[in-house]
Amino acid sequence: MNLDADIEEFVALHRGHGRLTADAGEPTPNGYRLEIACSCGVTFERWITKLDAIDDLIREHLRAERN
């Protein structure tokens, strides 16, 4: 799966539990840490490299062009 699909799955599973809170850590030369916390206590955590971010931006751009 890619980052977008992973986030969509987490949100779909947890949106009914209440508020979701997202936070992105400070960027480093190696990327940044993304965290989405659910009020039920489960947290989605992912280290995002620069390459991951670029790949997801390209995918999103291509998806927007098709629509």
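The structure is a predicted model. The chain contains 2 helices and 3 strands, and from the N terminus on these elements follow the order α-β-β-β-α. The strands form an open sheet with antiparallel pairing, and helix H1 lies across S1, S2 and S3.

**Overall dimensions and surface**

- The C-alpha trace of the chain spans about 35 × 35 × 15 Å along its principal axes.
- The chain has 67 residues, of which 16% count as buried.
- Its accessible surface comes to about 5000 Å², and carbon and sulfur atoms account for 55% of that area.
- Among contacts between residues at least 6 apart in sequence, 29% join residues that are at least 24 apart.

**Charged side chains**

- The chain carries 8 positive and 13 negative side chains.
- The centres of these two sets lie 2 Å apart.

**The sheet as a whole**

- The sheet has 3 strands in the order S1-S2-S3.
- S1 and S3 are the edge strands, each pairing on one side only.
- From one strand to the next, the twist averages 10°.
- As a general principle, side chains in a regular strand alternate between the two faces of the sheet.

**Pairing of S1 with S2**

- Strand S1 covers residues 20–24 and strand S2 covers residues 32–38.
- These two strands run antiparallel and are joined by 5 bridges.
- Within this pairing, Ala22 stands opposite Ile36 in S2, and Ala24 stands opposite Leu34 in S2.

**Pairing of S2 with S3**

- Strand S3 covers residues 43–48, and 6 bridges join S2 to S3.
- S2 and S3 also run antiparallel.
- Arg33 stands opposite Trp47 in S3.
- S2 and S3 form a hairpin with 4 residues between the strands.
- In this hairpin, Gly41 takes a positive phi near 105°.

**Helix H1 and the sheet**

- Helix H1 covers residues 3–14.
- Which strands does helix H1 lie across? Helix H1 lies across S1, S2 and S3.
- The helix runs at about 170° to S3.

How values were computed:
Residues are numbered from 1 along each chain as its sequence is written. This is a predicted model: local features need pLDDT of at least 70, side-chain atom pairs count only at pLDDT 80 or more; totals for chains, interfaces and linings use all residues. Side-chain values use heavy atoms; hydrogens and water are left out. Two strands pair if DSSP finds at least two bridges between them. Axes are lines fitted to C-alpha atoms, for helices over the stretch in contact, and angles run from 0 to 180 degrees between N-to-C directions. Contact means heavy atoms within 4.5 Å. Buried means under 20% relative accessible area, exposed over 50%, partly exposed in between (1.4 Å probe, protein chains only). Accessible areas come from the Shrake-Rupley method with a 1.4 Å probe; for residues, only the protein chains shown count as cover. Lys and Arg count as positive and Asp and Glu as negative; His and the chain ends are not counted. The place of a charge is taken as NZ of Lys, CZ of Arg, CG of Asp or CD of Glu.
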